[in-house]
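Subject: Structure handover

Hello,

Here is the structure I promised to pass on to you. Please open it alongside this message, and then read on for what turned up in it.

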Amino acid sequence: GYYSTTLRRRENIYNIMSVQFNSICFAEGRFRRAYKGTRTLPLYRYGEQCVVKELKENYTWSPTDWDTTIKIYDRARLLAENFNTMFNVGNHIIFTDVEIYKVTHNSNPFSSPKLNEYVVVEDYISGLFQKWCNNYGYISDQAKMCDPVMPAFVHWSWVYTQGQEMIADLQGVHQLFNYHLTDPAMLSLSSNYGSTDTGIEGMAMFFLNHECNSYCMGLKKPTLSDFVGKLSPGILTECKLMQQRVNTSTTFNWEMKFPQHVKPLVTQVFTRIAQGY
């Protein structure tokens, strides 16, 4: 059923937004639940559809619990702007706006999210929702055949940041004039982006699956041949087995971590390739 929840912007106590949304989530990932709702206040936004998201594993009593999410969105948005400018693709890549709000009234105290919890709110993206890439190397057939700009954006982000970072988890709606995306992940060598940052392992799994297309042909790219003679045959075989698992799943439901003595070598080779050494 529906219940009314009032959300207040944390950075402005006078800017109150009221949302009515379904108590049953319409989508959920590994870390978040999403509720589809309708704005009722302020009046100039009355009737607009939106999405309210809460963290699954813990209650969020502090606004800083969402800081990593905002950091990821800000970085993804900047990368997309640079990619759009450099490549001048017909359909620009944009990320939905997301803001942190506090629950200040809840007509059903037994429902979730709880009173005084912090949530994030974003506009609802209408259209056919698709997942093109995840944060562990999966690339959909749709991305490979119909939307090659998606994996190309991932590839380019790694080159653009000189191998330090990679955009991931590309999902959203291909609209008439743009790709409108939500819930990105950022991968990094320094683990800067929280629990969805799968680091060098996620980068490696992406490149095991990625075949360059017209958008990214010619960009630097690591391949298994770069590691022959540097990694043991057992590790190389394990990577290939992981590639097969990645290709049959759209969600991150296992972990592969390079052995401690292998990870620095993989990182070094990747970085040298990205930086043109």
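**The pockets**

The largest pocket has a volume of about 720 Å³. Please keep in mind that this is a predicted model. Lining that pocket are 30 residues, and E28, G29, K131, Q171 and D183 are the ones nearest its centre. Two or more lining residues come from each of β3 (27-28), β4, β5, β8 (118-123) and β9 (129-131). Strand β4 gives the largest share, three residues. Sorted by class, this lining holds eleven nonpolar, nine polar and ten charged residues.

The second largest pocket comes to about 310 Å³. Its lining is made of 19 residues, with F31, R32, L55, T69 and S195 nearest the centre. Here helix α1 (residues 67-87) supplies the largest share, four residues. The classes in this lining are seven nonpolar, seven polar and five charged.

**Salt bridges**

Side chains of opposite charge can pair when their charged atoms come close. In this model there are 13 salt bridges, and a few are worth a visit.

Which residues does D183 pair with? One partner is R32, with N and O 3.6 Å apart. R32 belongs to strand β4 (residues 32-41) and D183 to the loop between β12 (178-181) and β13 (185-188), so this bridge ties together parts that are 151 residues apart in sequence. R32 counts as buried because its relative accessibility is 18%, and D183, at 16%, is buried as well.

K53 is another partner of D183, and their closest N and O atoms are 2.8 Å apart. Since K53 lies in strand β5 (residues 49-55) and D183 in the loop between β12 and β13, the pair ties together parts 130 residues apart in sequence. Both K53 and D183 are buried.

A further salt bridge joins the side chains of K263 and E201, at 4.0 Å from N to O. It ties together parts 62 residues apart in sequence, because K263 sits in helix α6 and E201 in helix α4 (residues 199-209). K263 is partly exposed, with a relative accessible area of 30%, whereas E201 is buried, at 2%. Looking at shared partners, salt bridges join R32, K53, E122 and D183 into one network.

Is helix α4 mostly covered or mostly open? It is mostly covered: eleven of its eleven residues are buried. Among them are G199, E201, F206 and N209.

D197 lies in the loop between β13 and α4. With a relative accessibility of 10%, D197 is below the 20% cut-off and therefore counts as buried. The D197 side chain makes a polar contact with the side chain of S188 at 2.6 Å, and it also reaches the backbone nitrogen of N192 at 3.3 Å. Leaving aside neighbours within four places in sequence, D197 is in contact with M186, L187, S188, S191 and N192.

**One more stop**

P259 is in the loop between α5 (233-246) and α6 (263-274). Its relative accessibility is 28%, so P259 counts as partly exposed. P259 and N209 are 50 residues apart in sequence, and their C-alpha atoms are 21 Å apart in space.

Notes. Residues are numbered from 1 along each chain as its sequence is written. This is a predicted model: local features need pLDDT of at least 70, side-chain atom pairs count only at pLDDT 80 or more; totals for chains, interfaces and linings use all residues. Side-chain values use heavy atoms; hydrogens and water are left out. Buried means under 20% relative accessible area, exposed over 50%, partly exposed in between (1.4 Å probe, protein chains only). A polar contact is a pair of N or O atoms within 3.5 Å; within protein, one must be able to donate a hydrogen and the other to accept it, and residues adjacent in sequence count only if both atoms are side-chain atoms. Contact means heavy atoms within 4.5 Å. On a 1 Å grid over the protein atoms alone, a cavity is a set of points where a 1.4 Å probe fits but cannot get out, and a pocket is an open set with protein on both sides within 12 Å along at least five of seven lines; lining residues have an atom within 4 Å of a point. Grid points are joined across faces, edges and corners, and a volume is the space filled by probe spheres set on the points. Ala, Val, Leu, Ile, Met, Phe, Trp, Tyr, Cys and Pro count as nonpolar, Asp, Glu, Lys and Arg as charged, and the others, Gly among them, as polar.
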